[in-house]
Amino acid sequence: TEELELEQKISNLRKIGKISGIHGLRGEVFVHVFSKDVTWIQGLQELILENSSTHDRKNFRVCSLRPHK
């Protein structure tokens, strides 16, 4: 099931950054990445976002990536 797949992914989670802003109607988010080396980010296909207050998690598919100017 979808919940089981999510739990398996959660066991391999790593904190990669923090949302620093949102933009537009398409759901774009700006992420401040903690790592100086971001070469790994081009292969990113999904993210699991966690609310730091409630620890609720939600899975998102990455449609596109681009650097923030």
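**Exercise 1. Classify glutamate 50 by its accessibility, and describe the salt bridge in which its side chain takes part.**

Solution. Glutamate 50 has 36% relative accessibility and therefore counts as partly exposed, on a scale where buried means under 20% relative accessible area, exposed means over 50%, and partly exposed lies in between (1.4 Å probe, protein chains only). The next step is the partner: the side chain of glutamate 50 meets that of arginine 57 in a salt bridge at 2.7 Å, N to O, where a salt bridge is a side-chain nitrogen of Lys or Arg within 4 Å of a carboxyl oxygen of Asp or Glu. Arginine 57, at 39% relative accessibility, counts as partly exposed.

The model is predicted, so that local features need pLDDT of at least 70 and side-chain atom pairs count only at pLDDT 80 or more, while totals for chains, interfaces and linings use all residues. Residues are numbered from 1 along each chain as its sequence is written, and side-chain values use heavy atoms, with hydrogens and water left out.

**Exercise 2. Trace the network of salt bridges that links Arg26, Glu28 and Arg66.**

Solution. Begin with the pair of arginine 26 and glutamate 28, whose closest N and O atoms are 3.3 Å apart. Then take the salt bridge between the side chains of glutamate 28 and arginine 66, at 3.1 Å, N to O. This second pair links distant parts of the chain, with glutamate 28 in strand S2 and arginine 66 in the segment after S4, 38 residues apart; helices (H or I, at least four residues) and strands (E, at least two) are DSSP runs, numbered from the N terminus. Finally, compare the accessibilities: arginine 26 is exposed at 73%, arginine 66 is exposed at 61%, and glutamate 28 is partly exposed at 22%. The structure holds three salt bridges.

**Exercise 3. Identify the residues that make the nonpolar surface patch, and the strands that supply them.**

Solution. The patch, of about 490 Å², is made by Ile19, Ile22, Val29, Val31, Leu49 and Phe60. Patches are made of residues with over 30% relative accessible area and no salt bridge, like charges being joined within 9 Å and nonpolar side chains (Val, Leu, Ile, Met, Phe, Trp, Tyr) within 5 Å; accessible areas come from the Shrake-Rupley method with a 1.4 Å probe, and for residues only the protein chains shown count as cover. Strand S1 (17-23) and strand S2 (28-33) each supply at least two residues of the patch. As a check on one member, valine 29 lies in strand S2 and, at 37% relative accessibility, counts as partly exposed.
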